Amino acid sequence: MKKTLREIYFIGLFDALPLLRDPMMLFIITLIAFLPVLFLFIFAGGQAALPALVGAIVLSLAFVGLTVAQSVYFNKHWFRFQDIYVASPVSPISYALGLAFATFLYSLPALAFSFAILAFALPAPPLAYAAVIATSLLLWLAMILMGFTLGLSTKNVKRANALPQVLGFVLGFLPPVYYPLDRLPPFLQPVALLIPSTHAAQLSKHYFGLLTAPLPPEQILLGWGYLLGFVAVMALFASRRAHWVDP
Amino acid sequence: MDVIDVRGLGKTYPGGTVALRDVSFRVARGEVFCLLGRNGAGKTTLLRILATQLRRTAGSAAVLGQDVDAGATSIRSRIAVVPQEARPQMMMSAYDHVRLMCRIRGLSKEAAEKRTRSLLEELELWDHRDKIAADLSGGLRQRILLCMALVGEPELVFLDEPTIGLDPLGRRKVWAMVRRLTKSGGTVLLTTHYMDEAERLADRLAIVEKGRLAFLGTVDAAKARAGGGMRVVVEHPGGNGEREVLEPKDDAEILAVVQKSLSQGLRVTLQPTSLEDAFIAIVGGSIEEDAA
């Protein structure tokens, strides 16, 4: 167990170090999820910015989670570190968790920043913080697994770079994460509920009391269930694509 | 004990491409064994199967006495690989690469620092330890990867085209490192396109052509396939550019050609057959088939 944890930590550090040593990149990563909050604060005021801030927290982990696709692709096809790891005592579990841990490492400044602002702007009970952490982690896990599936399926360097950005946009900026669900036309609301980030944002806003009407119990259950189900489906996809030893 | 024992090895990729057919050879401890072959001949496939990175589809392959599938975990703690066209992380220093690999492979903080220093000094990277890889030459970057591979003090090292793109000095540094490895009891299996590299390094070599072993033996034995190990160049002393290149089969024939040419007042130069000549002679048949 100790050996596995050490491997996860150092593989994660190996993967994250170039970004951790680049303050500009860390600043940009931190900023991406918060730009909409800033605009909402300027143009719509604090009341609109607070739910958006919760959405930003949920997304700051999810955005970096998707970038694992790039690590998977480049470690396999560009740097070839995966081959070096395979022919060493490192286990596939350590490798996969190490890459996931790397994304967590470079999202830490964004998370620390966002929780600091949230605690300052909107004092809430510990349950609300626990809920936002839990939804963020579930969404991050789903995005990590999606990233693994993409990185393992992509054979093209352009796609490896572009897909996480495009998906980040589709899963983060388009659905009602920064804005309320009821802003969408009624026919689009069920479509938005197919996107896991919508559920993560709705649940987090609910626990912080930021929705116009609290979610009914069945909707809360649906939200958690959908997130867990999405993680399970992505895990299935990723496990089908993953080969430590090539076939 | 043989470090590598391959018998009837075959590999057909899931798409149906046959990469290896009925390959058999052994590699003894302390040997430098070179795999030569054209692009796509199957060298990397063979290396990757032996390095437990790719599944075989036929035959058997044992590394360090263990089957490459059943004993993969045990093999991996005793081998190291530098993959073809591998690159270091451009924004990380040589020191970071090696130290973190030491830590991943289980060395304590102090042991990792000590081992990193010793490896960087051995491969003459210590003076460049804090420069990021982006600021280093191709040769120095390649040596970072070699250092990473050597962290675990492997008994068997797989090097897939380790000197590709390096300048002559950089190549010689890698060769010296390979020699040091075998002197300390290690075994090296390397693939290369450079015939001079194989000639300098290989204790034995295999030429892979279209997934089959076209030759297995020593460098001298390969050269013998290309005609007695010597080439005779006969020229008119006037130097009008006319020259004839003869490839006598044995020593007696060489002597006869030389005597005859000298008696006719021709200028005679003896050139030893190179491994490249041998390579062309051995794989030449299939090159001609391809051209046809």
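Predicted model: local features only at pLDDT ≥ 70, side-chain atom pairs only at ≥ 80, totals over all residues.
Residues are numbered from 1 along each chain as its sequence is written, chains are lettered from A in the order in which they are written, and side-chain values use heavy atoms, without hydrogens and water.

Let's start in chain A, where helix H3 (residues 46-66) packs against helix H6 (residues 92-121) at about 170 degrees, their axes 9 Å apart. Axes are lines fitted to C-alpha atoms over the stretch in contact, and angles run from 0 to 180 degrees between N-to-C directions. H3(A) and H6(A) are therefore roughly antiparallel (over 145 degrees). Helices here are DSSP runs of H or I with at least four residues, and strands are E runs of at least two.

## A sheet in chain B

Chain B holds an open sheet of 3 antiparallel strands in the order E12-E11-E13; two strands pair if DSSP finds at least two bridges between them. Strands E12 (243-246) and E13 (267-272) of chain B stand at the edges with a single partner each, so one side of each lacks a neighbour in the sheet.

E11 (residues 230-235) of chain B pairs with E13(B) over 6 bridges, and B:Val232 stands opposite B:Leu270 in E13(B). Helix H9 (residues 251-263) of chain B packs on the sheet, touching E11, E12 and E13 of chain B, where contact means heavy atoms within 4.5 Å.

Note on methods: Parallel < 35°, antiparallel > 145°, perpendicular 65-115°, else oblique.
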